[in-house]
Structures are given as structure tokens and as C-alpha cells.
Amino acid sequence: MKAFNSFLVMLLATFSIQTFAYDFEVDGIQYTITSLTDLTVQVDGMSDKTVSSVIIPNAVEYKSKSLTVLSIGNNAFNNMQNLEEVIIPNSISSIGSRAFKNATSLKSILLPDNLQTLGSEVFSGCISLQSIVVPDGITAIPKQTFFNCTALEIIVIGKNVKKLYDYCFAGTAIECIDLPHSLTYLGESAFSNSNIESVILPEGIEVVSKYCFANCSKLKKFTGSPTTIDKCAFDNCSSLSEINLTGELETIGDYAFSGCNSLEEFTIPNSVTNIEPNILWECPNLKKLTIGSGLMRLPVYAEHGYNPTSYGYSTLGGYYHYTSQQGIYGPYITDITYLTGLKQVIINDSPEKFSIRGFQVNDNTTTPAFANLDIDYYYVGRPLIDIRSWSSDRGSTGFTVKVNQGYGHISKLEISGECTTVPYFYQKIDTLVLGKKISCLDTYNIYMDNLKEIYCCASTPPSVYGSFPTNICVDATLY
């Protein structure tokens, strides 16, 4: 005990005269004592910042005592751009924040099995790092841990990792990754701008956070069972063509799938009760859209722009921007229809009424979603609220639609499922299918001039209000 007390006195005396950020140096490695009781130290840096190889020992001799090397401190090897190799002993249980940040020549590193804690940005900017294995002792990968590791292609995540925090794999070259079943959280932009090609989410993840896979231009397939897909989660995933939502998805955030221009089919599951208006912004190659029974309406947002006379209106079918004040930005009117390739619209069966509403607005005219498209097949399985008037979800402004019938075109319109009457449509229609439950047809609700075929599936023919044009009585076929 007397000898140990003398050792403590010598160390304290050393602290009183040192001005360095570390306590002592051995073989070029700088150490700080973390516990006098347990005789443990932390690696805090190198005296020579230009070395290419570092071997960290399990223990280091100092003042005739053996001190266990337990951790690597914050910024220990930060910006050591010549560093290519680091051998870390199994005694290390913690690596601090930014410990290897911007070590641009570091190609590989073996993390010890005993490792339990990683700090944020540990390997951020290690642009030569190609592969790494995260040990099972790690339960969380902090924010920006591998941010902008542009050469990182192979990573094995330990089986006990529960959380991947913001930007942890953003900007990496990872093409394939097995996410452990223990995972319950994905942070913002966790895989953004990476080369990932396919994603299978573990069942424990309920939220795909905003920008989580944004700008993953090689991502082709996504499978998962989240309850929420947040804003811009798959923004600009230009190769995404297959989406398998296997669970009870409830919410889809704004621009969630914007810029997914390889997407040809999209289904809003029946479990979804809330979507933002621009979830499919700039998806020009989308051919088939299915709207689940959980939605009550397509959302429409009306918002002021850069001044009180500037407005923007958007919904699932397009966007409109109007400025009435003369100035540097106006006046101008901008109409954007961003589902220009749409050929099939399916509104799933439900007894609940559904509101389609509009997307273009100027002084006197609005246009319902999909009304200006050339659609091959349009199925309506639930009663539609009259789309000749609607209001925004933001603000109380109401709009009256004044578009004339005959605008847009539907090759085959099927009013079926839970529908008992035929709702109002603007488009020209070639073939009209009336489902088994249709009891009423108001001829003013359908643009009749193009009709070539009418299929009546009800055992009792529906009542007809109004009259058919002469050319329909002569030329069209009733089945």
C-alpha cells in the first residue's frame, strides 16, 4: 500500500507541472490516465501525426506500473491523413467521437470484440476505408459514424445493434447490407446518398425517417412493415421500381417517393389513413396507382408563396402556382402535372365516401386530379363526393370547378364495388361499366358523346335520370 501511495504522489506531482492534453507518452503514443484506482489509460493521440501505421498495446508501462489501455479518446487520430493501418487491442471498450475522422488513407481497421461504445463521427470522411465489422457488443451506431466514407462497400453490423442514428451510413459505397433483427430505429438520412441496392427492414422498425434513403440512385427494391414513411424518405431514388409494404402502414409524408422516376406501380395500402399531397412528386413513369380504402380524400394544400398574392396548390395529381402581383417574380401562372404517364387508377372498395378534389387553380377554374390525363382504366369502388367543388386542407378557401365535360379521356370507366350511383366525371369515356349495386345513373354525370359500350352488371337495371344523346342510342352497344 505504501508503494502504491508513493506512485499516486508521483502522478499528482506530474499533473501539477504538465501543460499537455495528455499525461504521458510511450513509443509515440500519447496517453491520459482515466483511473488511478483501476490503473487504466486512454489513447489521446500521436506525437508524430504523419505516421502510416499504429499498434496500440493492451497495456503500457509507466512509473513502474502496468496501465491497461481501455479507450481511444475524442479526436485521437483526427486528420491523420497518412494513417493507413491501426491495430486495436481487445482491451479497448470505447472509441470516442471523431477519433479517426478524416483519416483519409485508412483502408481497413479491425474493431475489437470487447468494443461496447462508439462516439459520433468516428470514421467520418475516411474516404479510403473499404470494409468494417461492427462487433456484437455495440448497441447503437451514432450520427455520422461512417458519413462520407465513399469507398466503404462492405459492412457487417453486430446482432445487438438497436439504433442507427442520423447520417451514420450516408455517402458510403455500400450496395448490400443485412440489417439485424434487433434494429428498432433508423435516423434521419441514415443511408442517404449511398449505393445501396436493396433494403429489407426488420420488423422492429416502425418509422422510416425523413431522407433516410434519399438520393440512393441505385436502390431498386424496398421491403418493410413500417407504420410511418416520413418526409422525403425515398426522395430521388431514381432506380426504385419495387416497393413491398407488408405491414400496417398508416402515414406517408410529403415527397416521400418524389423523383422515383423508375416507379411504374404504386399502391397506397388500405391501412393508410394519412398522406401528404406530394408523395409522388415527379414520378412521370408511374402507370398504375391504387388508392386504399383507409383514405377519405386526396389532400389539397393551398399556401401563400413569397408574398400575400402568391399561392401554391398541390395534390396527388399536380401542382399550381399563381402570382397576381406585378414584380420581379410575376405575374405568372405555372401548372405542373407530375403523373403524366398514369394509365390506371384504382380506388379500392369501401362504403365510405371519398373526395378526389383538384390541383389546378387560376381566377375562375380548377381541375380535379387525373381529369386532364389519358387513362386506359379507371376503377371506382366507393362513393365519390361531388368533385365540382372542394376546399383546401390548409385554410378555409373553397373552390368551384368550372372545367367543361369532355376534358381528359378514360378508355374504360368501371363504377362498381360499394357504389350505388354514378358520380360526376369530366373525362370523355369510351366504355362504361355499371357494377352490381348501381341503382341510379344520372346521364349528366357522364360525358356521353364518346360512349361506345355500356355494361350493366346489376340484375335489376338502374334508374336513369336524363336522356341519352341520339348517337348513343344508335351507335353504342348495351351489354
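Accessible areas come from the Shrake-Rupley method with a 1.4 Å probe; for residues, only the protein chains shown count as cover. By this method, the protein has an accessible surface of about 21,300 Å². Carbon and sulfur atoms hold 47% of that surface.

This is a predicted model: local features need pLDDT of at least 70, side-chain atom pairs count only at pLDDT 80 or more, and totals for chains, interfaces and linings use all residues. Residues are numbered from 1 along each chain as its sequence is written, and side-chain values use heavy atoms, with hydrogens and water left out.

**Confidence**

pLDDT is the predictor's confidence in each residue, from 0 to 100. Its mean over the protein is 88. A value of 70 or more is reached by 85% of the residues. Residues 1-19 have a pLDDT below 50. In the model, this stretch makes 18 contacts beyond near neighbours in sequence. Contact means heavy atoms within 4.5 Å. Residues 326-333 also stay under 50. For them the model has 16 contacts beyond four places in sequence.

**Overall build**

The protein has two helices and 40 strands. Helices (H or I, at least four residues) and strands (E, at least two) are DSSP runs, numbered from the N terminus. There are 479 residues, and 51% of them count as buried. Buried means under 20% relative accessible area, exposed over 50%, partly exposed in between (1.4 Å probe, protein chains only). Take the contacts with a separation of 6 or more: 37% of them join residues 24 or more positions apart.

Two strands pair if DSSP finds at least two bridges between them. Two bridges join β12 and β14 in the parallel sense. A140 has K163 in β14 as its bridge partner.

**Aromatic rings**

The structure holds 19 aromatic pairs. Rings of Phe, Tyr and Trp (its six-membered ring) pair if their centres lie within 6.5 Å; planes under 30 degrees apart count as stacked, over 60 as edge-to-face and the rest as tilted.

| Pair | Centre to centre | Angle between planes |
|---|---|---|
| F146 and F169 | 5.5 Å | 5 degrees |
| F169 and F191 | 5.3 Å | 20 degrees |

Both pairs link distant parts of the chain. F146 lies in the loop between β12 (140-141) and β13 (154-156), while F169 lies in the loop between β14 (163-164) and β15 (185-186), 23 residues apart. F191 sits in the loop between β15 and β16 (198-200), 22 residues from F169.

**One threonine**

T40 is found in strand β3 (residues 40-46). Its relative accessibility is 9%, so T40 counts as buried. Which side chain makes a polar contact with that of T40? The partner is T34, at 2.7 Å. A polar contact is a pair of N or O atoms within 3.5 Å; within protein, one must be able to donate a hydrogen and the other to accept it, and residues adjacent in sequence count only if both atoms are side-chain atoms. Leaving aside neighbours within four places in sequence, T40 is in contact with T32, I33, T34, S35, T68 and L70.
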